[in-house]
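Visitor: I am new to protein structures. Please show me how to read one.

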Amino acid sequence: DRWSKVKPEETHDIIITGYAEGEGKHRGRLGFVTTAKGAVGAGFTDSEREILWAKAKAGKLVGQVIEVSCIQFTSMGQFRHPVFVRMRPDKLVP
């Protein structure tokens, strides 16, 4: 007699195409990264934001591969509720 709501989740490896500085408490560090499937701003720890911001300022972030978790894709082919999972240095950029 008790129901449990379970949302589907899938992960995808995708290339970072851009980035932006954070606002508020994230000023001076990474706010979000952009990809071909949309922006990803959730899931980063504070230390990851600082490390990735340093990489971005050094010109080494764009072109890196990340793993992103999402519920599904929108009708426009964009991530729905994307969350950063991890960097994928083991994946080569095509």
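Predicted model: local features only at pLDDT ≥ 70, side-chain atom pairs only at ≥ 80, totals over all residues.

**Reading the fold**

Guide: Begin with the secondary structure.

Visitor: In what order do the elements of the protein chain run from the N terminus on?

Guide: The order is β-β-β-α-β-β-β-β. The C-alpha trace spans about 55 × 35 × 25 Å along its principal axes.

Visitor: What percentage of the residues in the protein chain is buried?

Guide: Of the 94 residues, 31% are buried. Now look at the contacts with a separation of 6 or more. Residues 24 or more positions apart account for 50% of them.

Visitor: How far apart should the ends of helix H1 be?

Guide: Count 1.5 Å a residue. Helix H1 has 12 residues, 46-57, so it should span 16 Å. Its end C-alpha atoms lie 17 Å apart, which agrees. After H1 comes Gly59, with a positive phi near 80°.

Visitor: Which residues of H1 are buried?

Guide: First, the general idea. An α-helix has 3.6 residues a turn, so residues three or four places apart point the same way. Now this case. In H1, Arg49, Leu52, Trp53 and Ala56 are buried. They cover an arc of only 110° around the axis, so they sit on the same side of H1.

Visitor: What covers the buried residues of H1?

Guide: The cover includes strand E1 (10-21), strand E2 (30-35) and strand E7 (83-87).

Visitor: How many positive and negative side chains does the protein chain have?

Guide: There are 15 positive and 11 negative side chains. The centres of the two sets lie 2 Å apart.

Note on methods:
Residues numbered from 1 in each chain as written. Heavy atoms only, no water. Helix = DSSP H or I, 4+ residues; strand = E, 2+ residues; numbered from the N terminus. Buried < 20%, exposed > 50% of the residue type's maximum accessible area, 1.4 Å probe, protein only. Contact = heavy atoms within 4.5 Å. Lys, Arg positive; Asp, Glu negative; His and termini not counted. Charge placed at Lys NZ, Arg CZ, Asp CG, Glu CD. Expected span 1.5 Å × (residues − 1). Arc of directions from axis to C-beta.
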